[in-house]
Amino acid sequence: MSLFQAAAAVLRKKAGVVAPKGEDTGLPFNARVGGLITLNISPFVRAHGTLLRSPGAVHTIVAISKMHIGLEGDVYRFYMEKGDSATDRESYVQVYVDSKKTVQEVLYFDRLLRMFPENADDLAAFTGKVEAGLGQLEFSLWKAQLADIGYDESLLNIAFGDAESITYTRMTPSQSDYIAPFEGRENRIDHSKGTQGLRQNIVFMPYERTLPLGGKEQLFISTEMVQDQNGKDSDSVHVDFMLGLPLSEIDVKVQ
């Protein structure tokens, strides 16, 4: 059972918060801040038509976060790039383990873009305050818009071909035109002892599309309301568009 299939069962239920213990122990793959994570690049090579940039094979885990959205299990993110500013790259491996600590889902995510709501209407559309925007059944990306922000032209040409847009479909059992987005919190540690990091509330919805030669690509859209970072209060709000690709457990090694 995937993370988002499980999350659909608790739709509209406000998520509790399970904070990290303050140190990076007992995690899937024995991951730790500062550890090396190696990715098998074969799934990316086979993902013809994806918008995802190639991640490369070996990375350092610079931060680890834990999310809780009412599941009987845990969701972790092993950050290879934190992306704390709009211009920094953000990438992570997301791992969902069930209540028996068995790995059920592994995904790689890379940020497509970050936007900042400019007014109350924009914020409402990405926080579920109106029955439109985040939570609608389909969400489209437009080639011209991505070209305008300087996204990799070769990836755009392969992914879009002659089309002007790509459409992703919401990953929920309901096929209603709109459902309220999910809510949760994320707690991130940037140091093995948990002395640095970030806490934020998130409102999110996962979407996906089928790639031209098979396989799935996810579009994870989340509005992130930062509460504090490195012990300092914050009221920053932004919307991240993350592209994801499913991996198998054997595609990831940590040392």
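How many bridges join strand 5 to strand 6? Seven, and the two strands run antiparallel.

## Basis of the model

This is a predicted model, in which local features need pLDDT of at least 70 and side-chain atom pairs count only at pLDDT 80 or more, while totals for chains, interfaces and linings use all residues. Residues are numbered from 1 along each chain as its sequence is written, and side-chain values use heavy atoms, with hydrogens and water left out.

Strand 6 covers residues 103-115. Strands (E, at least two residues) are DSSP runs, numbered from the N terminus.

Strand 5 spans residues 90-98, and its valine 95 stands opposite valine 106 in strand 6. Four residues lie between the strands in this hairpin, where lysine 101 takes a positive phi near 70 degrees. Strand 6 also pairs (at least two DSSP bridges between the strands) with strand 13, residues 237-247, in the antiparallel sense over nine bridges. There, leucine 113 stands opposite phenylalanine 241.

## Aspartate 190

Aspartate 190 is in the loop between strand 9 (182-189) and strand 10 (197-210). With a relative accessible area of 12%, aspartate 190 is buried.

The side chain of aspartate 190 makes a polar contact of 2.8 Å with that of arginine 188; such a contact is a pair of N or O atoms within 3.5 Å, one able to donate a hydrogen and the other to accept it within protein, and residues adjacent in sequence count only if both atoms are side-chain atoms. Beyond its neighbours within four places in sequence, aspartate 190 is in contact (heavy atoms within 4.5 Å) with residues including Val33, Lys82 and Asn230.

Definitions and conventions
Buried < 20%, exposed > 50% of the residue type's maximum accessible area, 1.4 Å probe, protein only.
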